[in-house]
Amino acid sequence: MTDLLTSPYPALLVGLPVLLATLSLFFRTRGKALVGLLGCLLTAGLAIVAFIEVAQHGTVIHILGGWEPPLGIMLRMDSLAAVFIGMTAVVGVFISLYAWQYFRADESGPGEFPLFWPLWLFLWAGLNGLFLSNDLFNLFVTIEVIGICAVALAVLSGKTTAMFAGLRYLLAAITGSMAYLFGVALIYGSTGTLDLGLLGQVLEPGTTTTFALLVITFGLMVKMAGFPFHFWLPPAHSAALAPVSALLSALVVKGAFYILLRLWMEVFGVSITYAAGQLIGLAGAIAVIWGSWQAFMQTSLKLIVAHSSVAQLGYLLMIFPLLILAPGVTADSADWLSPAWTAGIFQVIAHAFAKASFFLSAGLIIMALGHDRIESLRDLVGNMRITAMAIGLAGVSLIGLPPSGGFMAKWMLLKGIFLSGQWWWAPVVLAGSLLTAGYVFMLLRLAFAPAREMGTFKPVPKSLEIVALILALGSFLIVFPADYMIQFLESTGVFGSGIESIVEGGAYGND
Amino acid sequence: METYQIYSLTSAVLFVIGLGGVFISRHFIKKIIATIIMGGGVFLSFVSFAERDALTFADPVPHALVITGIVVAVASAAFALALARRIYQLTGEESFTKDK
Amino acid sequence: METTSVLPLLILVSSLIPGTLILLLREEQVALRTFLNLSGAVAKVGLIAWVFVGYLRGQEYTFFFRLALDLTFSLRVDQLGLFFAALSAVLWLVTTLYAIGYLEGGKHRRRFFAFFSLCVTASTGIALSGNVLTFFIFYEFLTLSTYPLVVHRGTDKAVEAGRTYLWYTIGGGTVLFLGVVGLFVLAGPIYFGQTEIIADLISVYPTQLSILFFILLTGLAVKAAIFPLHGWLPVSMVAPAPVSALLHAVAVVKAGAFGIVRLVYDVYGIGVAEHMNYLNVLAVFAAFTIIYGSLRALFQDDFKKRLAYSTVSQLSYIALGVAIPGVLTSTGAIVHLVHQGIMKITMFFAAGNVAETYGYKNISQLNGIGRRMPFTMGAFTIAAFGMIGLPPVAGFISKWYLGLGAVETGSYWVVFVLLASSALNAAYFLPIVYRAWFYEPEYEVSRLRSSGRLETQALLLIPVVVTGLLSLAAGVFAAAGGSPLSIAREIAEKLYMP
């Protein structure tokens, strides 16, 4: 552990946004926004620098204040964390730019929400901290920070529906965290350590471990809106302000997924069974079908997009059954691990870009119309061509048509499914694509319907439309650096590993 | 039965009561209290493990964790209460109804 | 000699760039738009001619681009692909002219021409794809770029048709996706022409590969409109005439038919396909579709709808030719790719002209129309004779080869199918021809469009005459070098060379 390079970047990635968020609290409305935007740009720049650092030197660590664990905190940035941090930075910076303009668009916009900026910076710090954490308790603190900031952002608009949705979201978040923390307590009780790396070695299978795994998985599933705990997501994400919806859907839910993935792969390998993988995959499969179907049934744009998130998160859960090998299969012989991981990572990134673009576009439509009932979209397309294009492109990526990032994810997922011989997941992937095409084209066909009499239509700033379009294009462009990214991910960390599940009597550590 | 086992069991019971409460009750305040009970259970379990390993003195790490945890939990609960209060002021409702 | 060349890419770019640029133009910039469109269309024909000449001299053109990981984008010029690309390019040029005339003064022309160009990009992309993945990418791209064309009118009916169209094509695309990934996992990235890969694997994974064959075939059959997956085709008739023309003659349906040709000849190989009895299944469905389509066509009064069902029927000639192994049937199938294209596009142009000039959409209204529109209906008559299979029009050649090949291989039932179909073709086309030329016009109506003394606008008239003459020429000069037939024959002979 000590042979890893110590670098200041992990600490800065958390510290800088916290510092600027705190700083911005001392300013008035405009100043808050300015400091906030500055903070976003700096944090994003720092994330890129840190990414390059990891790319050059491999995993870097930082021990806060020189206090060694267990009482001190160690941050650890490996390639998986770097990719998530990089994604947060790129998507986050575009959403910030959008928010800057969106909250300034005085007459047509929703007004100014200066608190957005400190909350978003705290949230960003929480996300970075989460990706960098190397012990279970630190993860708890970061998901709590994320949860509270996310809810605060979700209720920022002050509307009643947002309040209800926000309270529900908050209660779900607290429940999830408490369940997670209970698991942490059990783990600590049985091993006396919280360090992820150490736990991977010392954790022994047994009732306590299994129970801890169960409550932790439950807690994180609630947090990431995995089926059947997805109920809080659609109202919360759809009632929030546009940039907030984009942040919540594109980035926040990925945090819980990240922990789930890390813990399953790095820590709980010893007590995870093949059946557990199948079960979580089944939850994902149901989420894909159910979420897409629900999206298809909605009549307002933001609800469609929010339900679509439930489905798209389902695809993420579907990689678990591929990563958990059947008894008797060794990780070396399982050639589908790499495709499955690639599918997961690409699904995370492609969805982040596409969904951010989708929500930002929806925000523009609300700005123009004052509501987002989908039948009104037809009146807009002629005037908001760029937004229509953004929705179209983002939709294509969500469906998974070539050559988008979503296609890459589905291609790899199907490839993994076939290679592993778990063909029963294949129809789910296909049905999901079809249903997604259903709701995406339900929107797009309105672009071709003749416009009716214009109601009250307000022009929207073109710069906002362009940000949405760039994000949509981003979900296509991410395919090109795929080679590099996968190589990078394979260089350190857990990427590409699998769990050799328990064979009767004996237990094997994870790969 | 050792002392710490009593604590552990109690903590598990508290956790389950809280969890059930969160899902079953509709009323805002009841739900919030349920999460606090869950939290109580969790913190108790930490402390009970500290007690178990105590040879000469209790393990300090769980105490540090619990203090941090309590701070976080209090903040969450306060936030939830503030939200609930605001909803009550805005709409007069004090529980989740089916359609909301 | 195999070198990497950007020429195949340029062929695609020649319509991709105009398409993208047009999307960014404003509706009023008509001149610039037309210029972009036509220069793209001409450039494409020129580039294909260039590549064609090079190809004849033994030059090979390939283009590789590794998208990411194991996904490689590959374009490769081979005879079959070039054949199809040439068809697309030429008919695109003609149809562009026609569309400019047809849509004059209409709404949303920017959008129309943009997607029109993208659609042809997809179609030539399909033609020049070097591997299965690239084919799939363009196959999906085609779906996306044609959808706006189908719903172009924006009426409720058009949107409804668009919905049907999408369910079929996206569904087909999804099934194809499954097959493509499955094939990739079992056999790696297959480049067209590498039939030895499957030939080696078929003994290892007979079941899996057979299932995959039918999955792939199902995905392709949607666009090729083989029964029972043909439902979208008659419905999407609501699109404007140039779209129907392009959709039915070149772009969508041919993508499916061409895909089937590729699948059987260049992926699985005829040997395997025959040995594993895949072809019998295909033959049965194709034969059934031929008869079924013709029967349905008989009862349509809507002019375009009758043509649509006729397309369903005629397309399956290609599938049928593929399904009966033999040099002659293969020749018939490949040449029908082109012949059906030029004949059917003529018919749709003619139907569009009648509808645009006089507002007639039903066959029962066509009394004496031949006297008012002699050139249009003359071209239509040629094409109709071709469809029936009368010499010396192009359609005769296709049927002749299919029939000869069937006799040669002893599949006499195919001859019956062909004869029955020809009789049915005659039964639904001849009444139109007869009505047009020999009925008295009931009353005088004024033209909706005209340009001077011509029977209709010049831009509507020239394309139909050109394609009409082309379908005659393809038949008359079939024996000459460089005719579709001689090229098709060459391709077919290569297929069966040991």
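The following legends describe close-up views of a predicted model.

View 1. Chain A brings 34 residues to the contact, and chain B brings 41 residues. Between the two chains an area of about 3300 Å² is buried, and carbon and sulfur atoms account for 87% of this area.

**View 2. Polar and charged pairing across the interface of chain A and chain B.** With the rule applied here, zero salt bridges are found between chain A and chain B. One residue pair is in polar contact across this interface, with both residues at pLDDT 80 or more. 

**View 3. The side of chain A that touches chain B.** Three elements of chain A, namely helix 5 (136–154), helix 6 (160–191) and helix 8 (207–223), each contribute at least two residues to this side. Helix 6 of chain A gives the most, with 20 residues. By residue class, the side of chain A that touches chain B comprises 26 nonpolar, six polar and two charged residues.

**View 4. The surroundings of Asn425(C) in chain C.** Asn425(C) lies within helix 18 of chain C, which spans residues 412–438. The relative accessible area of Asn425(C) is 0%, and because buried denotes a value under 20%, Asn425(C) is classed as buried. When residues up to four places away in sequence are not counted, Asn425(C) is in contact with Ser294(C), Gln314(C), Tyr317(C), Met387(C), Ile388(C), Lys399(C) and Leu430(C).

Conventions
Residues are numbered from 1 along each chain as its sequence is written. Chains are lettered from A and ligands numbered from 1 in the order in which they are written. This is a predicted model: local features need pLDDT of at least 70, side-chain atom pairs count only at pLDDT 80 or more; totals for chains, interfaces and linings use all residues. Side-chain values use heavy atoms; hydrogens and water are left out. Contact means heavy atoms within 4.5 Å. Buried area is the accessible area (1.4 Å probe) that two parts lose on being put together, summed over both. A salt bridge is a side-chain nitrogen of Lys or Arg within 4 Å of a carboxyl oxygen of Asp or Glu. A polar contact is a pair of N or O atoms within 3.5 Å; within protein, one must be able to donate a hydrogen and the other to accept it, and residues adjacent in sequence count only if both atoms are side-chain atoms. Helices (H or I, at least four residues) and strands (E, at least two) are DSSP runs, numbered from the N terminus. Ala, Val, Leu, Ile, Met, Phe, Trp, Tyr, Cys and Pro count as nonpolar, Asp, Glu, Lys and Arg as charged, and the others, Gly among them, as polar. Buried means under 20% relative accessible area, exposed over 50%, partly exposed in between (1.4 Å probe, protein chains only).
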